[in-house]
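Dear colleague,

Here is the structure I promised to hand over, with my notes below it. Please look through the model first and then read on.

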Amino acid sequence: MNQFYMPTKVICEEGAVKKFGSAFMTYGKKALIITGRTSAIKSGALADIKIELDNNQIEYEIFSEIMENPTMEIVVKAAEQYKLSNIDFIIAIGGGSPLDAAKMIGVLLKNTAVDPMDIFTNGSLTSLSILTIPTTSGTGSETTPYAIITHHGLKTKVTPMPRVFPKVSLIDVNYYMTMPVRVTKATAVDALCHLIEGYMVKNSNVYSDGLAIEGIRHFALAKEELLSGEFSKDMHLHLAHASTLGGMVISHTGTGIPHGMGYHLTYHHGVSHGKATGLFLSGMLDLYLKYCPEKKDKIDRIFEVLGIKDKKGLHQLVVELVGGFELGDELKKTYSLAMSKNTRKLASHEFSISLEEIETLYVNGLKG
Ligand code: NAP
Ligand code: ZN
């Protein structure tokens, strides 16, 4: 079915917070700012938003303890800390980790009577208004309704049920300039995964495909600089577009098996999300060639826009950007079994994928 729904107002402009920060001020009298430990300060975004809040006499509190791959425990801690603080809306500043955590903190602050674990089963819960200022260009969390939360009970990362689109996202390329090289490369690969997975999976449609190809084109324009490790503002802008478009795409399509497989590398080995996912991208394309040969044209289009020859070239590009990862055979089997039970993620594809095929994806993806 061809449908499109994107309720987030996205403004991408240098100086966006100063120029359009007043858009944030209509959501109430008191804000909770959610950040990681350092990125909101280093990027300059926190200082900018504080000026706007002060100028508009909006009170605020700051919770700056969100770690990478945020846990359910930190979400619950923030919600407990501010449940009596009369918070009207949330401003999330940072990479995907603070943005995702903010969405679920917003759900718990709006629904103080529910058991926090209900977010994993109850999709009808709504959130306080969420406004985002991203400082990484990869997850697309600024335009997705998803949050990815580390669930120690399940020993992996999980998408809670409530869907929370940000109300407004202000994107300013200046905030990306302080990202470490490693983070820039890994988050760029995450954006590429969203664009390619979203372009291929079962729920892709004419609107999401248009956005996906445009996003891949922006990634391609950033590619050479990204490989070189010397980054310009222009390159960051291309990646910002790739990220935001990727978010719009997966809001409609969801992600595919590379994301499901990558969560195990991140949870058990601390591999960054973009790297953990990107290593399985070309393996997913193998499965499409095998089971959906009618989608070969789409695959060729990806290579053409990306400026690479074939799926081997795609894997090489990912490895050149983020490096490989070695894993023992036993662990490959263990994570394959866990992945084979992730029915939600497997349902993203129009064909079933056997345990042996998942093992092959781990083996081929982690060859380096
Ligand atoms: P991140 O975990 O938010 O941040 C990675 C690291 O980069 C942190 O150390 C962070 O510092 C630092 N950093 C971020 N921006 C910076 C800047 N401008 N200057 C200096 N340092 C900066 O990274 P991410 O890759 O953006 O987010 C990953 C998370 O997003 C994962 O949990 C992943 O599962 C999730 N995700 C969500 C979606 C979605 O649809 N919602 C999609 C894909 C992935 P601080 O710790 O100080 O902030
Ligand atoms: Zn991702």
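Helix α5 (residues 96-110) lies across β2 (30-36), β3, β4 and β5, and runs at about 165° to β4; contact here means heavy atoms within 4.5 Å, angles run from 0 to 180 degrees between N-to-C directions of axes fitted to C-alpha atoms, for helices over the stretch in contact, and the elements are DSSP runs numbered from the N terminus, helices (H or I) of at least four residues and strands (E) of at least two. This is a predicted model, in which local features need pLDDT of at least 70 and side-chain atom pairs count only at pLDDT 80 or more, while totals for chains, interfaces and linings use all residues. Residues are numbered from 1 along each chain as its sequence is written, chains are lettered from A and ligands numbered from 1 in the order in which they are written, and side-chain values use heavy atoms, without hydrogens and water.

Strand β4 (residues 89-94) runs parallel to β5 and is joined to it by six bridges, where two strands pair if DSSP finds at least two bridges between them. Isoleucine 93 stands opposite isoleucine 133 of β5, and alanine 92 opposite threonine 132, whose bridge partner in β8 is serine 169.

The open sheet has six strands in the order β1-β8-β5-β4-β2-β3, with parallel pairing. Because β1 (9-12) and β3 (59-66) each have a single partner strand, one side of each is left without a neighbour in the sheet.

Best wishes

Technical notes: A crossover is right-handed if, with the strands pointing away from the viewer, the path from the first strand over the helix to the second runs clockwise.
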